[in-house]
Amino acid sequence: MRKSIALRLAVMFALAAIGGFALIGVALHHVLGEELARHQREEAQARLEDVRFMLERSRSVELALRARQKMKALTDADPRTRYWMWSDDATYRYGEEAERVAGLTRVQRGVIDLPLGVRGRRVAVLGADLPANDIRPALRLMVGVDGLSFEQTLDKFESALVVFTLTGAMIVAGLGYWIAMAGLKPALRMSAEAQRVGPANPGQRLKLPALPRELSDLGCSFNAALDRLDAAYHQLETFNADVAHELRTPLANLIGQTQVALSREREAFELREVLQSNLEELERLRTIVADMLFLARAEQGERAKRLVETSLAGEVGKTVEFLDLLLDEARLSVGVSGDAVAPIETSLIRRALTNLLQNAIQHSPPGSHVEVHIGAEGGRATVAFSNPAEPIASEHLARLFDRFYRGDAARPNSGESHGLGLAIVKAIAAMHGGSVFAVHDNGVVTVGFSVALTS
């Protein structure tokens, strides 16, 4: 089940709050524990000094009795406090296990924790040796402060800390969810706008000025993707229509000729003529299908593989020689200037050069001159065919390399062309990391392509 972003953010806020409160709570717990322990030690020191002052300053002959009475009174007044007194003189002894406590406090200096409280609870004990004077013998005085109240304080703090941490986490989670929902409103609006895009209104786009800065790039990318999809759908529709148109003519010829041949008895030579005509139409169909398959592979990202460092001028010369008969029939001359060596798949480049030269032959007036210029610049080698031609409108010039595209002035229909020649040139250039171009200037049309100089 998919979880909403707001819920995820709320959970993350809650976990972050629990972690932060827990760290603060541990630190406060440590500080509070240290402070309570200090207060316990100071209290033990104060109680010790109170009794110690009497034992050191008093000159009463009944000092031992008065000391025991005072310690008992102090214990009765504050049960948390316990007193011990130990001496070789039995009259200066007070408290259960006084001898053991005296031994333990002599081993360790300062305040020590001993399990002397109820149920073995720790008691902070502080001891001091009092030297003998003219009234009493030497003795050891000890005072213990039970830490029950301090432990209870810590327990209450821990309970309150858990409650406050959980409550704070819930509050932070709620606020986080509210903040996330408020922050995601532009995304929700963008989603609602995107859902309105469909076949009924393919031109619908996201309103970029209304989007926050963080979503603007996403909106631009989404609109650009919609533009590409629209262009692809339009191209697909055009392609389907063009394919149907191109295939309809030879198929209609095949069907018509076959129907005529079957309408009555035919001589062998008549049937042979029909078969010969049908074969020409079938060859045309095969060429169209082969070219379409080649373009489909190229559009899927296929790259030229058998690359060889080759002179482009040499390949142009071979192409001119191959089409020499057509050039003579059209009374055209060809001149080649410049040269460049590039990594190419020669079979593909020859196909592109043949298509470009055939295009120049078809659209050049008889007796004109075709100039082929080869150069290298910016990491690319270019081959450009320039020939005199009728003016070409800019809308036609931009679409010369589209499949099955024929402009009235730029590409008049011909029985020898099915509208894929320049599209194949564009595909071959892309397979070599290059591009195509077409310009018209002062009655001269220049059509060409480029290839990368590095493989």
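The model is predicted: local features need pLDDT of at least 70, side-chain atom pairs count only at pLDDT 80 or more, and totals for chains, interfaces and linings use all residues. Residues are numbered from 1 along each chain as its sequence is written, and side-chain values use heavy atoms, with hydrogens and water left out.

The secondary structure of the chain comprises twelve helices and eleven strands. Both element types are DSSP runs, numbered from the N terminus; helices are H or I with at least four residues, and strands are E with at least two. The chain has 455 residues, and 36% of them are buried. Buried denotes under 20% relative accessible area, exposed over 50%, and partly exposed in between (1.4 Å probe, protein chains only). The accessible surface of the chain is about 26800 Å². Carbon and sulfur atoms account for 59% of that surface. Areas follow the Shrake-Rupley method with a 1.4 Å probe; for residues, only the protein chains shown count as cover. Among contacts between residues at least 6 apart in sequence, 66% join residues at least 24 apart. A contact requires heavy atoms within 4.5 Å.

Helix α4 covers residues 148–183 and has 36 residues. From its first C-alpha to its last, α4 reaches 51 Å, close to the 52 Å expected at 1.5 Å a residue. The expected span is 1.5 Å times one less than the number of residues in the helix. The buried residues of α4 are Phe-150, Leu-154, Thr-165, Gly-168, Ala-169, Ala-173, Gly-176 and Ala-180. They pack against α1 (5–57) and β4 (139–146).

Helices α1 and α4 also meet the surface in a nonpolar patch, to which each supplies at least two residues. The patch is formed by Leu-7, Val-11, Leu-15, Ile-18, Val-162, Leu-166, Tyr-177, Met-181 and Leu-188. Together these residues have about 780 Å² of accessible area. Patches are made of residues with over 30% relative accessible area and no salt bridge; like charges are joined within 9 Å, and nonpolar side chains (Val, Leu, Ile, Met, Phe, Trp, Tyr) within 5 Å. Leu-7 lies in helix α1. Its relative accessible area is 40%, so Leu-7 is partly exposed. Arg-57 is also placed in α1. At 59% relative accessibility, Arg-57 is exposed. Arg-57 and Ile-135 are 78 residues apart in sequence, yet 9.9 Å apart in space, C-alpha to C-alpha.

The structure holds 17 salt bridges. The criterion is a side-chain nitrogen of Lys or Arg within 4 Å of a carboxyl oxygen of Asp or Glu. Side chains of opposite charge can pair when their charged atoms come close. Glu-35 is partly exposed at 33%, and Arg-38 is partly exposed at 30%. Glu-49 and Arg-52 form another salt bridge, at 3.8 Å, N to O. This pair also lies in α1, three residues apart, about one turn of the helix. Glu-49 is partly exposed at 36% relative accessibility, and Arg-52 is partly exposed at 23%.

Glu-315 pairs with Arg-350 in a salt bridge, the closest N and O atoms being 2.6 Å apart. This pair links distant parts of the chain: Glu-315 is in helix α8 (residues 312–322) and Arg-350 in helix α10 (residues 346–363), 35 residues apart. Glu-315 is buried, at 3% relative accessibility. Arg-350 is partly exposed, at 35%. Salt bridges that share partners join Glu-43, Arg-47, Asp-78 and Arg-80 into one network.

Asn-278 is in helix α7 (residues 268–299). With a relative accessible area of 11%, Asn-278 is buried. Leaving aside residues up to four places away in sequence, Asn-278 touches Leu-254, Gln-257 and Thr-258.

Two loop residues complete the description. Arg-331 has a positive phi of about 55°, although it is not a glycine. Arg-331 sits in the loop between α9 (324–330) and β6 (333–337), and is exposed at 57%. Asn-442, likewise not a glycine, has a positive phi of about 55°. The loop holding Asn-442 runs between β10 (436–441) and β11 (444–452). Asn-442 is exposed, with a relative accessible area of 73%.
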